[in-house]
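Open the model in your viewer and keep the selection panel at hand.

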Amino acid sequence: MSTKEETPAADGDKPQTSSWKDSIYNPRTGEFIGRTAKSWALILLFYLVFYGFLAGMFTLTMWVMLQTLDDNIPTYRDRVASPGLVIRPRSLDIVFNRTDPKQYGQYVQHLENFLQQYNDTVQEKNELCMVGEYYEQDDQEEKKVCQFKRNLLRQCSGLSDTTFGYAEGKPCVLVKMNRIIGLKPRGDPYINCTAKRESPLQMQYFPSEGRFDKMYFPYYGKNLHSTYVQPLVAVKLLLTKEDYNNELTMECKIEGSDLRNSDDRDKFLGRVTFRVKVVE
Amino acid sequence: MFEMNGEVDVKMKKKKKIKKKDRLEGMKKEMDIVSVIHKTRRRESWREYGLTSSKAAEVLERDGPNELLPPKGTPEYVKFARQLAGGLQCLMWVAAVICFIAFGIEFSRGTLGCFDDLYLAITLITVVVVTGCFGYYQEFKSTNIIASFKNLVPQQALVIRDGQKNQINAMDLVVGDLVEIKGGDRVPADIRIIFAQGCKVDNSSLTGESEPQSKTPECTHENPLETKNIAFFSTTCLEGVATGTVINTGDRTIIGRIASLASGVGNEKTPIAIEIEHFVDIIAGLAIFFGFTFFVVAMFIGYAFLEAMIFFMAIVVAYVPEGLLATVTVCLSLTAKRLARKNCVVKNLEAVETLGSTSVICSDKTGTLTQNRMTVAHLWFDNVIHAADTTEDQSGQSFDQSSETWRSLARVAGLCNRAIFKPNQESLPIPRRIVVGDASETALLKFTELAIGNMMEYRERFKKVVEVPFNSTNKNTLMLSVHELEDPMDLRYLLVMKGAPERILERCSTILIKGQEMPLEEQWREAFQTAYMDLGSLGERVLGFCHIYLNENEFPRGYKFDSDEMNFTTSGLCFAGLISMIDPPRATVPDAVMKCRTAGIRVVMVTGDHPITARAIAANVGIITEGSETVEDIATRKRIPVEQVNRRDARACVISGGQLKDMSSEELDEALRSHPEMVFARTSPQPPSSPPLIIVESCQRLGSIVAVTGDGVNDSPALKKADIGIAMGIAGSDAAKNAADMILLDDNFASIVTGVEQGRLIFDNLKKSIAYTLTKNIPELTPYLIYITVSVPLPLGCITILMIELATDIFPSVSLAYEKAESDIMHLKPRNPRKDRLVNESLAAYSYFQIGAIQSFAGFTDYFTAMAQEGWYPLLCVGLRSHWENVHLQDLQDSYGQEWTYAQRLYQQYTCYTVFFISIEICQIADVLIRKTRRLSIFQQGFFRNKVLVSAIVFQLLLGNLLCYCPGMPNIFNFMPIRGQWWFVPIPYGILIFVYDEIRKLGVRRHPGSWWDQELYY
């Protein structure tokens, strides 16, 4: 039956007027995209109230959730149970010509910048802690930081050799362990680097044997421990003439402790692999 | 734009129509030519010799076997390919290709994690292929159901070749063959009769006429369909014998032509297919729109081209409801299964819903509305009309049988009857036994068998001496027989006679009243006239019965009665009574028609029978309601000429085939529009004007969704043309079944009503199911939008989305198909296919912008909670993306100063995926609960009444747990074992969804028609 009413209306009265323009604005009914102004106002008001309420509820739940968080310790630390290893300079491909300061300049600059926080002027404010013991200060209001002076890194400190050995073709690489709140590595963690080739590569570790001292653990978080500096291990690769122009793959691992260093999925958990190529 | 489309459409249709007409007319001409040719050829096989075997083989070589070739199906690979190339599927193909490209580029660059793209591409392709296989399997299965109907027993034909009679396979018949047919045979080809003896043919499979047609060698009409000397392939010979030459075989027979006509009629798209296409278009359009917009935004913000492409792909994956097609198919097949249990087999799944939106049913009378067997309906004796029991199982009331007149009438009816039961059927109930004989004699035999008892034995007692049968050639409308009496002492002969009532009355001089012979006075003649008219107006076939005891002296024992000479008394008989017969309606039909009426469905009757019979049956089953008048009725009542009657006053209208032929299509539309109760009678089966086809087309022009029931080959074009063609499983011809979308196994009209109910229910439930499925697309999409614009670490991954779409949410969305109806759906009008869409604006808006929005908020709350509790405060997350995803950054600091490697961050990201997933799941549980009803409160509908839904929720939770906590999941599907409390974070939002929807429903119920109802009821 409905067709009876519709057909004459569509064909008879105004055959030309119903065009596609009407679907955007229909002057006869005053409809804009299928709704009148009043209808639009109502529906927009409805959605305004609706989303307003939702946003309010979202804000409330977020606020409640944030209230439950501790400022100093994350609720869970299971995703970062074991620390990753990172090297400085921040590059996994260290390629340079030892005769061209422009090429190694960026590495040197980077190392120099990185070591600023280990300057004596900064570190002298920090505590001298007991070697070989965790520096636990759970009950203290203000957490103190153990001293790690730049000169502990000797030839790699950039103090005596401002080019960190890059100019002489025996570059230094700093190995750093990721900060994890509350981490207390058992055993005696030290860094061991190996070159992936048949004959072993001569290396020097600073501090000696590449040890991370226990006194730098545990870490109490950004808030309480704002001036904390991580212990570093510098590795000086004693490259010889034969090694130049060859790419060398190095792997550094943390060993001698319970820290994981052989995870299948995470290639940076307790270990780091990088390549070095010195051109002459 | 729409206007233009409309015009083009109309033009196209017109063109099509012209073509069809041309073809039809061409066909008719061809037919005439064929019959002329065969007149000349007749000498070849005449003279009882037939064709020589070699000649027959030659012709067989030329013409091919005599069988109807099944209509050329679409090749299987095309069917399968079609399943893979829908709107959504195409979009997913595009997404898969982008994934492959991205994988290729990233792989060549050696980027970590590029295999994700490869897996995603493979998953997408798998989804498309598996869904396609499922759809294909469904289609294949229903095709198989049809194939099983085919009669595999080869038909035999008695052919005369080389002067010898041979029983051969009907397939091997050729033009020119001489064949013999006898009662009970199927006519093996189109045959011109050259010799016939009392041959009657049932043409109902071809024309729908239930009346048997006698066949004689005379050519009585130029139209091959009307002439008496041609018998058609696939019709049945009821009695007598005939010999004829084959004039057409195989697809060239009339029935073959009609069948091929059916395959020429385009199959209309089902309404549900239109609906699904409609909204798939919208979704695909929106997906591309969103994808493209954010592609541009991403490019603008400064992402690389490849990254932007991957965003585009991810948005497509997030936005396209991958599981939807499978859900729809499963829901429909569940209903199809349910219907099959109720004797409706659905060939085309989508037809399930079509039945629900049907607004007109064009029903064949014979066999669908009626029982398809003549039954004694009324008797007139002792000046009273008695009603007989016409129910199928003889459960009705019987009349008073104590009168002496009744005994005489029954005796005449029983004796003057040539029909006999086929032997060995004693165990069957009488109405079901097979009888050899014509319809009215069969009816009388069964009636007397029921009333008196064993008729075969009864006839033995009254030994038949002579009989003069009906003979249509010499217009003898009477049948008489002479019997000895059962009492051996009584030596009189009894002459019994039946026939057209007025002719019987002419020969009578007395009438039996209460067992007494009374002179046939004027008063009785008037009473007879009244009764005869009354019964005639009921559309019943009336027969008169009379008898006489022949004078013992004039006709002693051993008298030679001669049936040709008629050397005995045939006048001055004693009138016993009238018996009227009708093909009575099935018991369940009036109720079913009533239900259709309350459901707003018009039932139009189309029949080959006489208009009066048609009208009587229509009135009987309620197609024409009490008090409805036709134009003619009004004219008679008001005593004015038919032309002066206002046509709109007449509710009912009976149109005969002749009138229909003369009507223009506009007139027919007008008639269908102005008379709600329509009956089309005496529709001739002539192919060029196939009446059901015209009627269907007219209804469709008026915007109705038309269901057509039919069984004959002549119905197949209309079955095909109809939105849903329903063929009869028992009486239906293969051609009809092939053309139909649905088959009624029990031939019962009432099953259609069940189908309508199920169809409407599935439409409602599909709506709910789709609303449920669409909702989660928003919480799947928003993470990407936020990720791109606000640069937080990605909250939800593509694989997780696919897990939601294809694993956890499939079962709940299917379980909504088991939901009971909210209201009495059979009291509503059929949906208006233009206005009541499956997916309408308010459904989309409510799902996307309201429930979907709440779900998104739930997801983000849980996401930020999981991030914050692991050390990443919400504000830090904003803008973190580039650092977070930097593969070379192995010491990214969180809010507490801890340093994370890339892999540690990645697992944290997987944790986020998982909590977002869990949030969507929790909200979807609330969602499936609210989708149970659209209007009623869930407390009214019952929480646990839908057991399937409850188990679906349990299943969903179990699957969610499995994905989260099964070892190995992090690296396969990127699911992490998450902390228990993160399951509870989204619960407030779940409760909000539930409460909000209850408020919505309350508003909809309390204030129908209000702004709230209009905007929020879907």
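A polar contact here is a pair of N or O atoms within 3.5 Å, where within protein one must be able to donate a hydrogen and the other to accept it. In this predicted model, 20 residue pairs are in polar contact between chain A and chain B, both residues at pLDDT 80 or more.

Next, select the side of chain A that touches chain B. The elements that each give two or more residues to this side are helix H1 (2-13), helix H3 (37-67), strand E3 (85-88), strand E5 (172-177) and helix H6 (221-224) of chain A. Of these, H3(A) gives the most, with 16 residues.

Now show both sides. The contact takes 58 residues from chain A and 57 residues from chain B. The area buried between the two chains is about 4,700 Å², and carbon and sulfur atoms give 57% of that area. Select A:Phe58, A:Tyr76 and A:Arg79: these supply 16% of the area that chain A buries against chain B, more than any other three residues.

For charged pairs, there are seven salt bridges between chain A and chain B. Zoom in on A:Asp78 and B:Arg979, whose side chains meet in a salt bridge at 2.6 Å, N to O.

Last, move to chain B and select B:Phe984, B:Ile987, B:Ile991, B:Val995 and B:Ile999, which make a nonpolar surface patch of about 460 Å². Helix H38 (residues 987-1006) of chain B gives the largest share of the patch, four residues. B:Phe984 lies in helix H37 (residues 981-984) of chain B. Is B:Phe984 buried or exposed? B:Phe984 is exposed, because its relative accessible area is 56% and the cut-off for exposed is over 50%.

Definitions and conventions: Residues numbered from 1 in each chain as written. Chains lettered and ligands numbered in written order. Predicted model: local features only at pLDDT ≥ 70, side-chain atom pairs only at ≥ 80, totals over all residues. Heavy atoms only, no water. Patch = residues over 30% accessible without salt bridge, like charges linked within 9 Å, V, L, I, M, F, W, Y side chains within 5 Å. Areas by Shrake-Rupley, 256 points an atom, 1.4 Å probe, with all protein chains shown as cover. Salt bridge = Lys/Arg side-chain N within 4 Å of Asp/Glu carboxyl O. Buried < 20%, exposed > 50% of the residue type's maximum accessible area, 1.4 Å probe, protein only. Contact = heavy atoms within 4.5 Å. Buried area = accessible area lost by both parts, 1.4 Å probe. Polar contact = N/O pair within 3.5 Å; in protein donor to acceptor, adjacent residues only side chain to side chain.
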